[in-house]
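The sequence and structure are shown first.

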Amino acid sequence: MATPTVSRFVDTVFIRPIVVAISSLLIASLMSYVMAERLDWRPITVCVTCDILTVGIDHFKDQEIIIGACSAAVVKRFAPLFYLARMFLILNALLLVIALSQGSPKMTIITVVFTTPAFLWATPLNLRQIGAAFQRFIPAKHGQEVGYSSSISGAPFVIKRVPGMKSIFNGIIRGCGIFFVVHSALQESGKSNSNVHPWKIIEIVIWSTISRTGHGILSDVRDFCEDEKAGVPTIPVLLGSPLKTRIVLTASQAVVIMACLGNPYILGSSCFMIALVWFLGQDSPKAYFILSIHSQSIFIVMYAASVMHSRSL
């Protein structure tokens, strides 16, 4: 086990969640602007804080396990950092509650639906106990007829162990999930179906979902050898080689290009992502993979700069 360091703790618990959240901040802002020609702080805050909480809590738990296994002196040295981390997560939780309280119940429900898998990502779930809890709401006669509880395995179920689902969940949550959260908030204003040239909402959803899924898969390419030895069922491991994975990722970005030919920003982002797919590999520094998570962010910022420039003329 690697020796815990302050820099690694800060990187995993503070910096990485913020880096991921910046991407969601820009995508949510773009969707809000395209749908309503304004930036609605409520869904943007919900998306940003959910990203920080889901990633931050997961990494916080990992650090608790790693540092908890060390000597008492190490645990004591990291105690102030754990306190700061808790305050950081609590602050984001408060911001999330405030944003949800200012929106509709529909926005809250959608947020819960899309974030629950992320919060329970590494949590062992006893399906038999969950089934028994649901069975309380089912009439006894009906439960006996379908044999509900007896058909459920007693082995713990962990979402992250489902083959290939990590990257797919990531894409759906941060692609489709952001759209539904923003759309539900803007429905209250009666203006949630507009389009601002050259953007179309359906294109943004396709672009975001495939790009975020691609980022997760590309990150797994970096860990291909370790995952293969450990038997971790990531998509590169299931495909059998990084080369096959790169071909699949290139094909997926080609689909985005064909679907969004009229948008130069999406075209540029997809071409940039294809270049990263073939440039980044198992020997690439981990920091370089930040470029893939922000393959959209760069071009959204370029669009925002062009809008500001045109308005200043």
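Which residues does Trp199 touch, not counting residues up to four places away in sequence?

The model is predicted. Trp199 touches Leu30, Val34, Ile204, Trp207, Asn263, Tyr265, Ile266 and Tyr303, with residues up to four places away in sequence not counted.

Trp199 also belongs to the largest nonpolar core, a set of 55 residues in which Phe9, Met31 and Trp199 have the most contacts. Elements giving two or more residues to this core include helix H1 (6-36), helix H3 (72-101), helix H8 (201-222) and H14. H1 supplies the largest share, 13 residues. A second, separate core has 9 residues, among them Ile235, Val277, Leu280 and Phe289.

## Packing of H1 and H3

The axes of H1 and H3 lie 11 Å apart, at an angle of about 5 degrees. Because this angle is under 35 degrees, H1 counts as roughly parallel to H3.

On the H1 side, the contact is made by Val6, Phe9, Val10, Val13, Phe14 and Ile18. H3 contributes Arg77, Phe78, Leu81, Phe82, Leu84, Ala85 and Phe88. Of the residues in this contact, 12 are nonpolar, none is polar and 1 is charged.

## Ser297

Ser297 is found in helix H14 (residues 297-312). Its relative accessible area is 6%, and since buried means under 20%, Ser297 is classed as buried.

The side chain of Ser297 makes a polar contact with the side chain of His294, at 2.7 Å. Leaving aside neighbours within four places in sequence, Ser297 is in contact with Ser23 and Leu26.

Notes
Residues are numbered from 1 along each chain as its sequence is written. This is a predicted model: local features need pLDDT of at least 70, side-chain atom pairs count only at pLDDT 80 or more; totals for chains, interfaces and linings use all residues. Side-chain values use heavy atoms; hydrogens and water are left out. Helices (H or I, at least four residues) and strands (E, at least two) are DSSP runs, numbered from the N terminus. Buried means under 20% relative accessible area, exposed over 50%, partly exposed in between (1.4 Å probe, protein chains only). A polar contact is a pair of N or O atoms within 3.5 Å; within protein, one must be able to donate a hydrogen and the other to accept it, and residues adjacent in sequence count only if both atoms are side-chain atoms. Contact means heavy atoms within 4.5 Å. A nonpolar core is a set of buried Ala, Val, Leu, Ile, Met, Phe, Trp, Tyr and Cys residues joined through side-chain atoms within 4.5 Å. Axes are lines fitted to C-alpha atoms, for helices over the stretch in contact, and angles run from 0 to 180 degrees between N-to-C directions. Angles under 35 degrees count as roughly parallel, over 145 as roughly antiparallel, 65 to 115 as roughly perpendicular and the rest as oblique. Ala, Val, Leu, Ile, Met, Phe, Trp, Tyr, Cys and Pro count as nonpolar, Asp, Glu, Lys and Arg as charged, and the others, Gly among them, as polar.
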